[in-house]
Amino acid sequence: MKCREVVELMTDYLEGALSAIDRHRFEEHIAGCDGCRAYLEQMRITLSQVHRLADEPIPERVQEQLLEAFRSWKSTGRSTPS
Ligand SMILES: [Zn+2]
């Protein structure tokens, strides 16, 4: 699984919406990728804030914003996910 796939599955992972296979592949990648692991933690915090505001599924618009945030975060060069 590539970083991009991991990022796209991240909200589903945190929502518990992944299949067992995808979840396993996701966790395997996270275990070996510092960049994605750090981003997952950031995403977890962001999502908990979103859920506190509204107890409903994450709107697609928010997911898109999170992905945008990840892209700019990656381009800062703070880390090099592979
Ligand atoms: Zn990664």
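Predicted model: local features only at pLDDT ≥ 70, side-chain atom pairs only at ≥ 80, totals over all residues.
1. **Ground rules.** Residue numbers start from 1 along each chain as its sequence is written.

2. **Overall fold.** You will find four helices and zero strands in the protein, in the order α-α-α-α along the sequence. Helices (H or I, at least four residues) and strands (E, at least two) are DSSP runs, numbered from the N terminus.

3. Of the 82 residues, 15% count as buried. Buried here is 20 or more other C-beta atoms within 10 Å of a residue's own, exposed is 12 or fewer, and partly exposed lies in between, with C-beta atoms placed from the backbone. Among contacts (C-beta atoms, placed from the backbone, within 7 Å) between residues at least 6 apart in sequence, 62% join residues at least 24 apart.

4. **The core.** The largest nonpolar core has ten residues, namely V6, V7, M10, F26, C33, C36, Y39, L40, L66 and F70. Such a core is a set of buried Ala, Val, Leu, Ile, Met, Phe, Trp, Tyr and Cys residues joined through C-beta atoms within 7 Å. At least two of its residues come from each of α1 (3-15), α3 (34-53) and α4 (60-75). Setting aside neighbours within four places in sequence, F70 is in contact with V7 and Y39.

5. **The α1 and α2 pair.** These helices, α2 being residues 20-32, pack at an angle of about 120 degrees with axes 11 Å apart. Axes are lines fitted to C-alpha atoms, for helices over the stretch in contact, and angles run from 0 to 180 degrees between N-to-C directions. From α1, V6, L9 and Y13 meet D22, R23, F26, H29 and I30 of α2.

6. **A surface position.** S48 sits in helix α3. Why is S48 exposed? Because 10 other C-beta atoms lie within 10 Å. Its C-alpha atom is 9.7 Å from that of L14, 34 residues away along the chain.

Notes: Contact = placed C-beta atoms within 7 Å.
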